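Biologist: Before we talk, could you put the model on the screen for us?

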Amino acid sequence: MRTLEFIEQVKKGKISVEENTKKVLEEAEKINSEYFYFNSISKELAIQQAREIDKKIKAGKAKGMLLGLPVSVKDCIVVKNVESTAGSKILKGYFPTFNSTVVQRCIDEGAVIIGKTAQDEFGFGSFSINVGVGFKTPLNPFDKKRVTGGSSGGSGGYSQKTKFNQISLAESTGGSIVCPAAFCGVAGLCPTYGLVSRWGMMDYANSLDKIGPMAKTVEDCALMLNVIAGRDEKDSTSVDSKKEDYLSYLKKDGKKLKVALIKETFGEGTDEVISKKIKDRLVSLNISYDEIELPLNYKYSIAAYYLMSTTEASTNLAKYCGMRYGAHEKLEGGFNEYFSKVRSLNFGQEAKRRIILGTFARMSGFRDAYYMRAVKVRTKLIEEYKKAFSKYDILICPTMPILAPTFDETKKLTPLQNYIIDIMTVGPNLAGLPHLSINIGMEKGLPVAMMMISDHFQEGKLIQFSKEFEK
Ligand code: GLN
C-alpha cells in the first residue's frame, strides 16, 4: 500500500493506528535485534500517540498530512523525553525536554514517533562504522557483512527493511542522507540549506547541516518535505521560502527538464557497473543528456569540506564536557583534568580525530592558511555549480563511487581514503544545493544508486525528474 493510501485509510477509520503501531514496533524490535538500526525504540510514546489519534478519529476530529504514520528519527534530532545521543556515549542519559521543530511538525500532522535511528557518532562518517563507544554498528539490509552507509545508516537500513509504511527523518552535513540511501537501496532527499529548520538538531557543522527525509519512495520523501519545509522563527538560518506542494511535481513530465551528467564522476575511481547502469537506464528511458565538467569541485571539494566541517565540529563539540548534558565522571581535579577525562572516556576515535584536525585548522597562525582559504574555495565551488544551473535543470552523478563495501574492506582504508569516498556528495552539500538519491537497480546483489542535483530551492525538479525512474 502506498503511504498516501495508508493515511487515507487511517482518516476513514479503516485502520486502527494503535494496532498498526504495535505491529510496527514488534517488527522494529525484531529487525533491531538482528540489524541494529535503532539506538532506542520509543514504544510507550508511540503507543500513547497512536491511542490519542484513534480517539480523535472516533470523535471525527482527526486531521493531518501524516495521520497515523510511523516516523523514525535520526538520533541527532531531538525528541522530547526520548534519549537522544547523536550516537555518542557522551550524551548517554540525555532526555530532552523539548521536541526539535521537525519532530514537532510531524507530531502536529499526526505522525507516530517510533524511535531514534543509529548513526556515526555526531555524523562523523560515511559507513556508520564510527558509532560511539558502546553502540552497535548497523548492518546492511542486503548483506550483513556490509555497511549501511553513513552517517544516517539506521534510517537507511530500517527504511529498506520494514514492511510497513514509514518515513525517516535523517540529517546530512556532507552526504549522510544520500550515502546510506544508496547503500541501502532507498530514496533520500537532502534539501536546500535553510529550507528545513535545524532547531533541535545536534550540530555537526552549522553551515552545512540539513535535515531531510529517507523512505522507500520519492513520493514519501515529497510528502515529508511538505510537512517539514518552511521558515522557523527559532532557526535564524531557516529561509522564508514560498510554500510548495512537492507532491504536485510527481504529476509533471520529468523529460521536459534539461539534464547533464557530471563527466568526472563517471571516470576513474568509480565502479564501472555503477556508471554503466546509470547510462543504460537513461538510454532505456529515452532521456537525452549532455555531459559537463566541474573541475573545481572535483579537485577541491573534499579538502574544503573536511577543513570546514572539522573546524565547525571542533567548536560544536566543546560544549560536551560532562557538566551540562549526558555522561558524567567522578568530579575530581581541576576543570581541565575533568574535561579531558570525560572526553577521553566518552568520545570515539573519529570524534577525537576531528576535534584535533578542526582545532588545528582554526588556530591562530593557521586560520588564514586553512579555514579562511576553505571558505573562499567554497564560494568558487558555488559559482561553478551556478554556472551549470544557468543551462541545466538537473545534474547527474553516481551517489557513491562504489557499491556498499564489506566491514573488512573499510578496515583497510586510511582516513584519507575514507574521506575521498564522499567525492560526489560533498560538493552539493558545500553549495547548499538540494540533491536526491534513488535506487536504479541491483548489481551483484547490491543496490545501485543515482544522484540528482538541482539549483537552490528546486527540490520540485528533483522529484519531477526522479519519478521517471520509479514508473
Ligand atoms: N561522510 C561525511 C563526513 O564524515 C558526511 C557525514 C554527514 O553528512 N554527516 O563528514
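Biologist: Which residues does Ala187 touch, not counting residues up to four places away in sequence?

Modeller: This is a predicted model, in which local features need pLDDT of at least 70, side-chain atom pairs count only at pLDDT 80 or more, and totals for chains, interfaces and linings use all residues. Residues are numbered from 1 along each chain as its sequence is written. Two residues are in contact if their C-beta atoms, placed from the backbone, lie within 7 Å. On that basis, Ala187 touches Ala181, Met214, Ala215, Lys216, Thr217, Val218, Cys221, Leu436, Ser437 and Ile438.

Biologist: Which residues touch the most other members of the largest nonpolar core?

Modeller: A nonpolar core is a set of buried Ala, Val, Leu, Ile, Met, Phe, Trp, Tyr and Cys residues joined through C-beta atoms within 7 Å, where buried means that 20 or more other C-beta atoms lie within 10 Å of the residue's own, all placed from the backbone. The largest such core has 136 residues, and those touching the most other members are Val71 and Ala187.

Biologist: Which helix gives the most to this core?

Modeller: Helices are DSSP runs (H or I, at least four residues), and strands are runs of E with at least two, numbered from the N terminus. With 9 residues, the one that gives the most, spanning residues 295-316, is helix α9.

Biologist: How many bridges join strand β5 to strand β10?

Modeller: Two strands pair if DSSP finds at least two bridges between them. Strand β5 covers residues 187-190 and β10 covers residues 435-443, and they run antiparallel. Cys190 stands opposite His435 in β10, and the number of bridges joining the two strands is 3.

Note on methods:
Buried ≥ 20, exposed ≤ 12 C-beta atoms within 10 Å, placed from the backbone.
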